[in-house]
There are 2 protein chains.
Amino acid sequence: MKIYVTGYYTTRFGEIWEQSLSELIDEAITGVLKNAGIDKKQIDAIFFSNMLAGVLGNNLHTPSKIAEIMGVNIPIFRSEAACASGGIAFHLANNYLQAGAAKTVLVVGAEKMTDYSPEETTGALMTAASGEEQAAGLTFPGLYAIIANYYLQKYGYTEENLAYVGVKNHFHGSLNDKAHFRNIITVNQVLKSACIAAPLKVLDSSPISDGAAALVLTSDKKMIGKMKNKVTILSTKTASDAISLSKRKNLDTLLAVKIAAEQAFREAKLARRDINVAELHDCFSIAEILAMEDLGFWKKGEGGARIKELSTQFGSGSPLIVNTSGGLKAAGHPVGATGVKQIGELFLQLCGQAEKRQVKNCRYGLAHNVGGSGGTAVVTILGI
Amino acid sequence: MKIYVTGYYTTRFGEIWEQSLSELIDEAITGVLKNAGIDKKQIDAIFFSNMLAGVLGNNLHTPSKIAEIMGVNIPIFRSEAACASGGIAFHLANNYLQAGAAKTVLVVGAEKMTDYSPEETTGALMTAASGEEQAAGLTFPGLYAIIANYYLQKYGYTEENLAYVGVKNHFHGSLNDKAHFRNIITVNQVLKSACIAAPLKVLDSSPISDGAAALVLTSDKKMIGKMKNKVTILSTKTASDAISLSKRKNLDTLLAVKIAAEQAFREAKLARRDINVAELHDCFSIAEILAMEDLGFWKKGEGGARIKELSTQFGSGSPLIVNTSGGLKAAGHPVGATGVKQIGELFLQLCGQAEKRQVKNCRYGLAHNVGGSGGTAVVTILGI
């Protein structure tokens, strides 16, 4: 059965102190219904993605909060898989439609992170790492720094190679009026920014953001016929791996990403070169470089050199443009919303709605959403 | 497509201080694979249910912890819908199989609740209520006491009517060697037990428990052919309602239960009288009485009188026996495991494996799992 994405809305990402989690969810749901031109009565179920509201905001059981906000009694599901919660919610929604359990559903992701002290938020995020990593005092910058150091040493690169990820993604953020950061930055600025966990600097790292995003998915042929904007879900696959870095086979490959990508490309019957736009999980600069390799766009070890060419930057004219939204780095990273926004950005690109950052002749898009340091990965491929 | 439950295992429920959450999960997974006689390589995906590990134990992103425990890289999903998390995980697993995304999956539920102070656990549980209810200082006993007072006054009953639920379910718990409480109690003991939130006493209330439970679900005809014990999933439906009691239309009806039950009976093509065994969500005595009415087994308002007949007690010879496991009251209520154990108990009954509490001539079973004060409900019907 063909499932389509037929609507998308995202709130601004950033420090949104004037809106609560419920208000962000309300804005995203109201916005996406308007964007798709449908009524809430046409929604059969909702897949909701959120990581931290229980730990930080005393908010579990959000499905029934959403029922209250919307005034509905439909099935509502919350998924949590750390920073991959959004991709997982989308994956489950797609399969729910494939099962015929619903015809039209919403996928909604939301997170409120900036109302708390940095210690509270950092501590809450570390619940997605293993007990031994928590006990060792590691943070997520620390975990990705271990990966980055290993990668740079193994393949003979320096922190300068990493810096290009932030430069590219901030340039894209400057073209996205919903992005957390809209300023252009230089390689020098990245290298001179405060060190968080060597070799990773502030400008190698995605921010703590608030925000919500929502999508409409449908298998309803009547509805699809009426929609101006629609893209098909060609595949969505997920895989898992040990939560602790010390239990993995490799430090410079995220095995879960490799497995999900191979399955997704096989199901979509596409080659890597077919993908025109990709939204990758650049929680830290090293993560985008590993993703390009693990997804099969670049060979293992060449990413450090390839990123310096900036061939994946908007306007380069090359066949694959990466993170036109600004990625997690510049668009922001309200954890539960991120995976939903990634697919929303592909929807905009494939429908020709991406305005100043519109990539020409887009046919296929790929989203890559990662939980923790690679314990969960979701790879989704869309097409027109 | 026909989906079967082909294996079940539950740890003991209770104060299990000698096992961590991971160890409980490990025991449940090892146990269910052995029970079904299959290898972990035959498992395509896992649906995991847990409510509180993030809030109480710094444990989010449990899917990748399970990947580490089992040494697998398969899709793993965590569901959270307060005390309905287990029913929701089962519902999503069934639809994942219906979609053809997997052939054989595990549904695993686990919760660790007794390692914390009563204030910590009670506070964590209240994250499943609305902000206004939290701010008012309400607890779940308090919320269900509001419902109980309304019900008793409206239909002219007293707290004595409520007491029979605990009496019946403790009798069933005495027949289940995995139950948290195995002692028989009397109506007088219930009435004389400490008052928690009037009219609800300690012996009207389910306990805080640790425990884990797991099921095997499969659509694989080869595997089904080899299985001695198997039951079919005839329907699993879920509905939602406003999280706040003050936003509901009725106080003596859980609308989400009514909706899910009507859909489930319609899909299963069964009448109420066809059900032989039911596992109902008796988090408090009043909840089982409301459930019997909202599910359509008893007329609205007659539950207070009907429960005194003890017709739903094992050995009564009547056609519907309720909560043979002991229910949440006596079997215990490790939140994430509860909805999984309910379906497991039906599996045992329908397969003739329920030993001392085996109901004769079981053909159809129903499980009723509720989140919060009724914001989420899942109704599942199984048959042989």
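How many residues does the contact take from chain B and from chain A? In this predicted model, 47 residues of chain B and 47 residues of chain A take part in the contact. On the side of chain B that touches chain A, at least two residues each come from helix 2 (53-57), helix 3 (62-70), strand 3 (76-79), helix 4 (85-98), strand 8 (231-240) and helix 11 (255-268) of chain B. Sorted by class, this side of chain B comprises 23 nonpolar, 18 polar and six charged residues.

Within chain A, the packing of two helices was examined. The axes of helix 4 (residues 85-98) and helix 15 (residues 335-350) of chain A come within 6 Å and cross at roughly 55 degrees; the two helices are therefore oblique to each other. From helix 4 of chain A, Ser85(A), Gly86(A), Gly87(A) and Phe90(A) meet residues of helix 15 of chain A, namely Val335(A), Gly336(A), Ala337(A), Thr338(A), Gly339(A), Val340(A) and Ile343(A).

Ser373(A) counts as buried because 31 other C-beta atoms lie within 10 Å, the cut-off being 20 or more. Beyond its neighbours within four places in sequence, Ser373(A) is in contact with Ala129(A), Leu143(A), Tyr144(A) and Leu245(A). Ser373(A) and Ala242(A), 131 residues apart in sequence, are separated by 9.6 Å in space, C-alpha to C-alpha.

Conventions: Residues are numbered from 1 along each chain as its sequence is written. Chains are lettered from A and ligands numbered from 1 in the order in which they are written. This is a predicted model: local features need pLDDT of at least 70, side-chain atom pairs count only at pLDDT 80 or more; totals for chains, interfaces and linings use all residues. A residue is buried if 20 or more other C-beta atoms lie within 10 Å of its own, exposed if 12 or fewer, and partly exposed in between; C-beta atoms are placed from the backbone. Two residues are in contact if their C-beta atoms, placed from the backbone, lie within 7 Å. Axes are lines fitted to C-alpha atoms, for helices over the stretch in contact, and angles run from 0 to 180 degrees between N-to-C directions. Helices (H or I, at least four residues) and strands (E, at least two) are DSSP runs, numbered from the N terminus. Angles under 35 degrees count as roughly parallel, over 145 as roughly antiparallel, 65 to 115 as roughly perpendicular and the rest as oblique. Ala, Val, Leu, Ile, Met, Phe, Trp, Tyr, Cys and Pro count as nonpolar, Asp, Glu, Lys and Arg as charged, and the others, Gly among them, as polar.
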